[in-house]
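User: Please go through this model by question and answer, with the cut-offs given for each term.

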Amino acid sequence: MPARDADKQLHSGYRPSRPDSPGYTEEQHQQVAAYRERLLELGAQVTTHPFWKTVEPGRVVAARIQLKHVDDEPPADEAA
């Protein structure tokens with residue numbers, strides 16, 4: 001990305017700026033592409049897993065959301 005200057009900050013004379021971005025190297029482009037490919041592969045595995053056929057049709061979205069937050073709370077045996 002090209003260098004840029006932002007608008008002056010309110011109640012201040014500070015004017016933020018960013019220098020030119022060197023961009024990604026070819027190796028970084030390849031790594032990002034590999035990560036995206038792996039992410040798509042894993043997403044397909046999760047969404048097409050046979051488990052989802054065992055969940056009531058009206059509860060699939062709620063079950064997927066619950067799965068996304070499974071690590072937010074400690075396991076029941078550790079909470080007590």
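Predicted model: local features only at pLDDT ≥ 70, side-chain atom pairs only at ≥ 80, totals over all residues.

Analyst: Residues are numbered from 1 along each chain as its sequence is written, and side-chain values use heavy atoms, with hydrogens and water left out.

User: In what order do the elements of the chain run from the N terminus on?

Analyst: Helices (H or I, at least four residues) and strands (E, at least two) are DSSP runs, numbered from the N terminus. The chain has three helices and two strands. From the N terminus on, their order is β-β-α-α-α.

User: Is the chain more spread out or less spread out than a compact globule, and what is its radius of gyration?

Analyst: The radius is taken over C-alpha atoms, and the globule rule is 2.2 Å times the number of residues to the power 0.38. For 80 residues the rule gives 12 Å, and the chain is well over that, so it is more spread out than a compact globule. Its C-alpha atoms fill a box of roughly 60 × 40 × 30 Å along the principal axes. The radius of gyration is 23 Å.

User: What share of the 80 residues in the chain is buried?

Analyst: Relative accessible area (1.4 Å probe, protein chains only) sets the classes: buried is under 20%, exposed over 50%, and partly exposed in between. Of the 80 residues, the buried share is 6%.

User: Which residue forms a salt bridge with Glu41?

Analyst: A salt bridge needs a side-chain nitrogen of Lys or Arg within 4 Å of a carboxyl oxygen of Asp or Glu, and the structure holds one. Both partners lie in helix H1 (residues 26-47), three residues apart, about one turn of the helix. The closest N and O atoms are 2.5 Å apart, and the partner is Arg38.

User: Where is Leu67, a member of the nonpolar surface patch with Val46 and Val70?

Analyst: Patches are made of residues with over 30% relative accessible area and no salt bridge; like charges are joined within 9 Å, nonpolar side chains (Val, Leu, Ile, Met, Phe, Trp, Tyr) within 5 Å. Areas come from the Shrake-Rupley method with a 1.4 Å probe; for residues, only the protein chains shown count as cover. The patch covers about 260 Å², and Leu67 is partly exposed at 46%. Leu67 is in helix H2 (residues 60-68).

User: What is the phi of His11?

Analyst: Most residues other than glycine have a negative phi. His11 lies in the loop between strand E1 (4-5) and strand E2 (17-18), and is exposed, with a relative accessible area of 77%. Although His11 is not a glycine, its phi is positive, at about 60 degrees.
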